[in-house]
Amino acid sequence: VTLRVVHDRPEARWLPSRHRFALWRLAAYIRLRWSRPPLERPEHLILSIDRDQTAAEMHGIAAWIFVTTVCYFAAFLPFALPLSILAAIVLAGIAVQIPIVPGGGMLRLLIGDGDHVKIVSVTTMGLLLIASSYVATTTTWARFVAWFFFAIVIINGVAAAILWLLRDFVRDAEERCVR
Amino acid sequence: VTRSAWWRRFLARGVFWRQLLRFAVLNVPPWTEPIVIAFWSGFFMVWGSGRRGVTSNLKVIKPGSYAIVNLFRCYRVFWNYAWTISDNVRFKELRKIPDWEFRGWQHFQEMQAAHGAILLTAHMGSYDLGAQLFSETSSRRVVMVRAPEIDPQTQEFEEHHGVDGVQIELNTRATELAFDLLEAVREGAIVAIQGDRVTGSISSLPMTLFGKTTSVPAGPFALAMAAHVPIYPVFVVRLGRRRYRLMTTRPIELTRSRNRDDDFARAVALWAQELERVIRECWYQWFTFDPYWPEQAS
């Protein structure tokens, strides 16, 4: 198995290939295209080219997903809001893992041991879309959170379309960077 | 399997947690990973002996700190540990490597070029991942010495899910291992040893760390003296999500004089100096879950 890595190119942090979601990939492309090489360089650097590599993106998405889930739970719990939020934090921490544990277990039984990240990822996002669709139609305050969720999904879709139009430029910029 | 042996898998060092971690790496979407790790780091705060071990070590590293502050620091240690072991399993299972920055690149290259060397490291960051990186980038054979797992099932699991490229030797058979390692170093191999903790009945040397007396394994120092090779202190420090720094410092040369004990003491003092500096800077990723200093253990 060949490891996909770039040596001694700090600007390769901004390779769109190191990002998962279209919005982040587009932002990375803009940064890669117009950024200057950093002044401080480590003595030697190995950067991995993997779509889930960027910390800011993954932590940002995780925080957004978690806050969204907490709001959905808090809106429907029958306690005072501060108490509901506290309970929702615990419930959201567990709920986010629900598609992973039974889902991953079932996948293991059905298709065997191996990398199921992609399937679990799609399932989790699908469940979140269903939950958001429901919450968006309610009259609770959480509907604004659900609308925001859909706004992000739409913006991400637009970014994906822009990236598709720019695909040749993106490829050229990436090749120039790693050459 | 007896009933007690079956239950043993759920103990802190049991095989169940390794299996669960592997399952998580193969099933958790990367964009929910921070939530899952935050949750499980909190769950492991329930592990009383581990929590007490970390907080008691923190009392020495950060004297005068409040117990409640050390409890939060303990969470940070568990959080870093969870990320580190996840990165390690991800590499083994999916061949995904983190980003690496090198500090002390000149010394690192010297070590690679030398005909045999001892790589002395600590239970920090991901030493497993570091050793695997060596095997990917170095033309030298890498022999990693480590303590066996306490639980036999966990040991079996680790042997089954290891990676190619790194030769792992367990420090249980001291005498034969010493000869094997000496031969490996003389053949030009890099022998990687964790030199911050004495486990089991292996021979040790006294060391002063953070002003308190403790002991370090004598093996790496004796091996360096016997094979006439330098010791390179190397630390793998986690900088953030899937991002590590490999720090190699000036080598420790063991010159033999008439007084062997003094020679060892000088080398151990240099090692202690490096170790203390790195632990002081990166206390949140010194993964020592038992009380480190004997007076604390007692």
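Q: What counts as touching here, and which residues is A:Val178 in contact with, leaving aside its neighbours within four places in sequence?
A: Contact means heavy atoms within 4.5 Å. Going by that, A:Val178 is in contact with A:Val6 and A:Leu15, once its neighbours within four places in sequence are set aside. Before we go on: this is a predicted model, where local features need pLDDT of at least 70, side-chain atom pairs count only at pLDDT 80 or more, and totals for chains, interfaces and linings use all residues. Residues are numbered from 1 along each chain as its sequence is written, chains are lettered from A and ligands numbered from 1 in the order in which they are written, and side-chain values use heavy atoms, with hydrogens and water left out.

Q: Why is A:Val178 called partly exposed?
A: Buried means under 20% relative accessible area and exposed means over 50%, with partly exposed in between (1.4 Å probe, protein chains only). A:Val178 comes out at 40%, so it's partly exposed. You'll find it in helix α7 (residues 167–178) of chain A; helices (H or I, at least four residues) and strands (E, at least two) are DSSP runs, numbered from the N terminus.

Q: And what makes A:Ser132 count as buried?
A: Its relative accessibility is 0%, so it falls on the buried side of the cut-off. A:Ser132 sits in helix α5 (residues 117–136) of chain A. Beyond residues up to four places away in sequence, it touches A:Tyr72, A:Ala146, A:Phe149 and A:Phe150.

Q: How do you know that A:Asp50 and B:Lys96 form a salt bridge?
A: The rule asks for a side-chain nitrogen of Lys or Arg within 4 Å of a carboxyl oxygen of Asp or Glu. Here the closest N and O atoms are 3.5 Å apart, so the pair passes. Between chain B and chain A the count is 6 salt bridges.

Q: How many residues of each chain are in contact across this interface, and how much area do the chains bury?
A: 36 residues of chain B are in contact with 41 residues of chain A. The two bury about 3,400 Å², 63% of it on carbon and sulfur atoms; buried area is the accessible area (1.4 Å probe) that two parts lose on being put together, summed over both. B:Trp31, B:Ile35 and B:Arg241 supply 23% of what chain B buries against chain A, more than any other three residues.

Q: What makes β2 of chain A and β1(B) a strand pair?
A: Two strands pair if DSSP finds at least two bridges between them. Strand β2 (residues 44–48) of chain A has 3 bridges to β1(B), so they pair, and they run antiparallel. A:His44 has B:Phe102 as its bridge partner in β1(B).

Q: How do you know which strands β3(B) pairs with?
A: Count the bridges. With strand β4 (residues 166–170) of chain B there are 5, in the parallel sense. With strand β5 (residues 190–194) of chain B there are 4, also parallel.

Q: Why are two faces of a strand told apart, and which residues of β3(B) lie on each?
A: In a regular strand the side chains alternate between the two faces of the sheet. B:Val142, B:Met144 and B:Arg146 are on one side of β3(B), B:Val143 and B:Val145 on the other, and all are buried.
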